[in-house]
Amino acid sequence: MKIAVKVNGRLYESDVEPRTLLAYYLRETLNLTGTHIGCDTTSCGACTVLLDGEPVKSCTVLAVQANGREVMTVEGLEQNGQLHPVQSAFWEAHALQCGYCTPGMLMASYALLQDNPAPTEAEIREALSGNVCRCTGYVNIVKAVQLAARQLSGEGQEALQEVEAHGASSN
Amino acid sequence: MFPNAFRYEAPASLDEAIRLMTEHAYDAKVLAGGQSLLPMMKLRIAAPAVLIDLGGIGELKGWRETEEGLRIGALTRHADLERAAALYGRYPLLSRTARWIADPLVRNRGTIGGSLAHADPGSDWGTAMIALHAEVEAAGPEGSRRIPIDDFFVDTFVTSLQEGELVTAVHVPAPSGPVAARYMKLERKAGDFAIAGLAVHIVTDGDGRVAEAGIGICACGPVPLRAAKAEAALVGRPLTSDTIAEASRLVPEDAEPADDLRGSSDYKRDLLRVFALRALREIAEELEGRASIA
């Protein structure tokens, strides 16, 4: 079936089998391998992308369901060689170890901050409750989202200095 | 993992969808949000030859108030009901239930009609609709009809929908007086199916007596169940510590939990009793607070 999907602002026209899942379409047809496939059963959130601005698990959406719609993947965060503040905050706050869940975490965090620029810790944990990380224990992920929120609201330098002075780890 | 190959149909109207369902009958499955059906297809538990995607049918989306209550279109997403601030006052059980369904990403795709038609015994919406005494609106080649929720769930993954029929909406009656509700659920981990869950919906009359009581039980039987004995014990009486304790003791009597990896049946029964106690106490406090303000 012929589909036209806008991904990270660029229009792609493809002929796909109806059973192709969006995650596989992004990775294998468009070569956008930033989107990871983890559990493949709607549990882990590694495949999270934005569909018309809303975070969804792309292993549980058919590519044909994205026909005529807009998708944003982790490759769409960086602009002109500059990491998005959510990405740099994950770096600064040591919010990843193996990095497998990170693309999904970044997209779910980005979507949260679009909706809610100053989330509480509880709101961050709720928004990320569909994304599983087996390395970090989540503490530094929550800190990274808080750091990104402050940087996006213009308190960037102070927030960064705080992290540098005290470290991001809870220990 | 991939589903079996299938023919994909994307009807633009309800009539076209019903025509396709009539044509393909048991070879077809209907796709709403896909958060249960697509995993089942990937695991090859379901392998329909034809997939009818309702996503393009605008008339199935969104909710509106009617003379008798609220009509929620089948394709209304869990996240829409979770965030529908306009419904918090009169239909508090909706957002209180929605926020417990799976996780926020799944809630952005999954729909209320899909959840009901899937008829999982752990369906949070099924449980809430029992408490709300809702009716399911279904359309098929013979026209449209409304099915009381107690007649809708037949068995695990089985509803009373006829061949060629699909869920178009669910109707929730308007409360006749002050209303409060709670949804309580225990999960092994975030976003999991319930170990057990309870939906409690209470409407009082002007004198503080219970006018309507609805209590749904989640994941404790082949379908979502009604705590009919507890409901009967509440109607016509005020929410005192005695009536609350009595109703809470009665809730597990209508449950049929199984011993499984999520817990023993005794444990689940006791969980339901504690949920009922907590929910009714909170509801009593909330309604009392509102009465004293008024």
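Guide: With contact: two residues are in contact if their C-beta atoms, placed from the backbone, lie within 7 Å. This is a predicted model, where local features need pLDDT of at least 70, side-chain atom pairs count only at pLDDT 80 or more, and totals for chains, interfaces and linings use all residues. Residues are numbered from 1 along each chain as its sequence is written, while chains are lettered from A and ligands numbered from 1 in the order in which they are written.

Visitor: What makes domain 1 and domain 2 of chain A touch each other?

Guide: By that 7 Å rule, 15 residues of domain 1 of chain A are in contact with eleven residues of domain 2 of chain A. The domains span 2-76 and 85-165, with bounds from an automatic or database domain assignment. Their C-alpha centres lie 23 Å apart.

Visitor: Which elements supply the domain 1 side?

Guide: Strands E3 (48-51) and E4 of chain A each give two or more residues, and E3(A) has the largest share, with three residues. Strands here are DSSP runs of E, at least two residues long, and helices are runs of H or I, at least four, numbered from the N terminus.

Visitor: And how do you know what touches chain B?

Guide: The contact takes 22 residues from chain A and 22 residues from chain B. On the chain A side, strand E4 (54-57) and helix H4 (121-127) each supply at least two residues, and E4(A) gives the most, with four residues.

Visitor: Why is helix H2 of chain A called largely enclosed?

Guide: A residue is buried if 20 or more other C-beta atoms lie within 10 Å of its own, exposed if 12 or fewer, and partly exposed in between, with C-beta atoms placed from the backbone. Six of the eight residues of H2(A) (85-92) are buried, so the helix is largely enclosed by the rest of the structure. Among them are Pro85(A), Phe90(A) and Glu92(A). Just after H2(A), His94(A) takes a positive phi of about 55°.

Visitor: What makes a nonpolar core?

Guide: Buried Ala, Val, Leu, Ile, Met, Phe, Trp, Tyr and Cys residues joined through C-beta atoms within 7 Å. The largest one has 147 residues, and Leu198(B), Val200(B), Leu272(B) and Ala276(B) touch the most other members. Helix H11 (265-293) of chain B gives the largest share, nine residues. Leaving aside neighbours within four places in sequence, Ala276(B) is in contact with residues including Leu198(B), Val200(B) and Ala230(B).
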